[in-house]
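Reader: I'm new to this structure and a bit lost. Please pick one part, take a close look at it with me, and then show me what else there is to see.

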Amino acid sequence: MTTTSYESMRPLIMQDPPEFDIVHGSVRPLPTNPVLGQIRKNLSVELDERRRALAAAGKRLFDFGLGDPKEPTPPFLREALRAAVPEVSQYPSAFGTAALRRAAAGYLHRRFGVTVDPEAQVLACAGAKEAIFHLPLAFAGDPRRRKVVMPDPGYPTYEVGARFAGLEPVKVPLTARRRFLLEPEDVGEAVLRETLVYWISYPHNPTGAEAPRDYLRRVGAAALEHGFIVASDECYADIYFGEPPASMLEVQLENVLAVHSCSKRSGMTGYRSGFLAGDPDLVRGLRALRSHPGVSQPEFVAAAATAAWSDDAHAAERREIFRRKRDRFLRFFAEKGLVADASDATLYLWVRVPEGHTSSSYALRLLDAGIVVAPGIAFGAGEGYVRVALVPTLEECEEAIRAWARIEP
């Protein structure tokens with residue numbers, strides 16, 4: 001039997017702060033995953049801490065920080081959940097109910113004209129974040145493919161999931177000049193040959209940029225040429241203000257996995273329900289993983305999600321509410337001399353900070369007036385911007401605009 005020395009474990013030991021050893025009654029370093037030291041604190045945790053402190057001080061807050069809209073979940077979805085709560089609670093399927101997978105497949109066909117087999121090409125997930133985190137873990141293992149390409153700025157979980165899977169994140173800066181598109185040519189041939197997963201996110205969080213079909217074709221062609229997986233985060237596909245955004249699945253199914261969510265489309269952020277769909281070989285790999293971490297959603301949640309994916313009218317009604325908020329803020333920004341780049345879809349406005357400010361300093365300036373926004377740097381290479389999430393009610397947006405109008409640069 002080989003004994004592991006303390007010195008050999010030192011790289012895995014967190015040196016600061018020390019922890020109290022309950023068993024031995026002493027203070028000593030305890031092991032932790034080094035990845036935790038490589039990633040920043042979750043934005044939602046930071047903003048929640050900030051909100052709590054201000055609220056405790058009696059500050060009136062207008063919260064545009066997190067993408068958690070305040071419009072009620074449609075009544076028919078709440079009723080679907082309540083009606084499905086069983087008398088006897090039992091373990092749910094790790095892959096989602098058959099009804100949910102059929103509803104997801106039906107949605108893809110109606111919305112994008114894409115036909116998938118709900119048995120072989122669709123998997124339920126406990127919200128998009130969970131799926132995004134676990135996706136690289138299912139495919140890591142080839143020493144020749146250790147890179148996960150992702151947009152910068154972008155959703156932080158792309159990087160977190162890659163690091164916990166033992167892979168190397170490659171963050172590619174996005175620019176307004178390039179329409180915030182993550183182009184394969186900007187990544188380079190050498191990196192693409194070593195890429196395992198290539199994350200795209202359109203409509204894009206945090207900028208609200210959309211991707212034209214010719215861009216999706218370029219990404220798909222690169223995936224087939226170099227053999228990587230295109231992971232397409234399409235959680236905002238139904239929050240748009242012009243032409244409906246395309247899905248990567250419209251371009252090709254081979255080498256593609258798309259992630260969808262009930263959260264923003266249906267006002268079900270707290271339900272934690274979504275699905276993945278695409279290449280049947282990739283879905284098979286995900287199935288092999290997903291029975292292990294215990295990420296199944298309760299079947300009463302699946303019943304509500306089934307109702308959500310089976311109906312498009314409620315999504316259109318919610319989209320109209322976001323349109324009204326967006327149009328009102330864009331008018332205000334024009335009056336105020338502020339510019340929102342991209343912001344063509346999603347419930348986010350990507351706003352340039354006034355001259356003389358950084359992302360953080362302007363966010364703090366707004367905070368003085370009780371307006372909570374996310375500094376662009378919270379999403380990576382977002383210096384010079386703040387993200388405004390259109391989550392308060394229309395009435396609260398009007399109040400916030402009056403408060404914002406009084407702020408001098």
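Author: Helices here are DSSP runs of H or I with at least four residues, strands are DSSP runs of E with at least two, and the numbering of both starts at the N terminus. With that in hand, let's go to Phe64, which sits in the loop between strand 3 (62-63) and helix 3. Before we look around, bear in mind that this is a predicted model, where local features need pLDDT of at least 70, side-chain atom pairs count only at pLDDT 80 or more, and totals for chains, interfaces and linings use all residues. Residues are numbered from 1 along each chain as its sequence is written, and side-chain values use heavy atoms, with hydrogens and water left out.

So, is Phe64 buried or exposed? Its relative accessibility is 0%, so Phe64 counts as buried (buried is under 20% relative accessible area, exposed is over 50%, and partly exposed is in between, with a 1.4 Å probe and protein chains only). Now look at what surrounds Phe64. Setting aside residues up to four places away in sequence, Phe64 touches Phe329, Ile371, Val372, Val373, Arg387, Val388, Ala389, Val391, Pro392, Cys397 and Ala400 (a contact means heavy atoms within 4.5 Å). Take Val372 from that list: Phe64 and Val372 are 308 residues apart along the chain, yet their C-alpha atoms are separated by 5.3 Å.

Buried residues make up 51% of the 409 residues.

Leaving out neighbours within four places in sequence, its contacts are Arg101 and Ala124. Val170 is 74 residues along the chain from Gly96, and the two C-alpha atoms are 32 Å apart.

Next stop is Phe332, in helix 14 (residues 313-336). At 3% relative accessibility, Phe332 is buried. Apart from neighbours within four places in sequence, Phe332 is in contact with Ile401, Trp404 and Ala405. Ala307 is 25 residues from Phe332 in sequence, while the C-alpha to C-alpha distance between them is 37 Å.

An α-helix has 3.6 residues a turn, so residues three or four places apart point the same way. Just after helix 15 comes Gly370, with a positive phi of about 85°.

Other spots have backbone angles to check as well. Arg272 is not a glycine but has a positive phi, near 55°; its place is the loop between helix 11 (262-266) and strand 10 (274-278), and Arg272 is partly exposed at 31% relative accessibility. Ala342 also has a positive phi, of about 55°, without being a glycine. Ala342 lies between strand 11 (340-341) and strand 12 (348-352), in the loop, and counts as partly exposed with a relative accessible area of 26%.

Then there are two cis peptide bonds to find. One runs from Asp152 to Pro153, with omega near 10°, and Pro153 is in the loop between strand 5 (147-152) and helix 6 (157-164). Another joins Asn205 and Pro206, with omega about 20°; Pro206 belongs to the loop between strand 7 (195-201) and helix 9 (213-226).

Finally, zoom out. The protein chain has 16 helices and 15 strands. Its radius of gyration is 22 Å, close to the 22 Å that the globule rule gives for 409 residues, so the chain is as compact as a globular protein of that length (the radius is taken over C-alpha atoms, and the rule is 2.2 Å times the number of residues to the power 0.38). Along the principal axes, the C-alpha atoms fill a box of roughly 70 × 55 × 55 Å.
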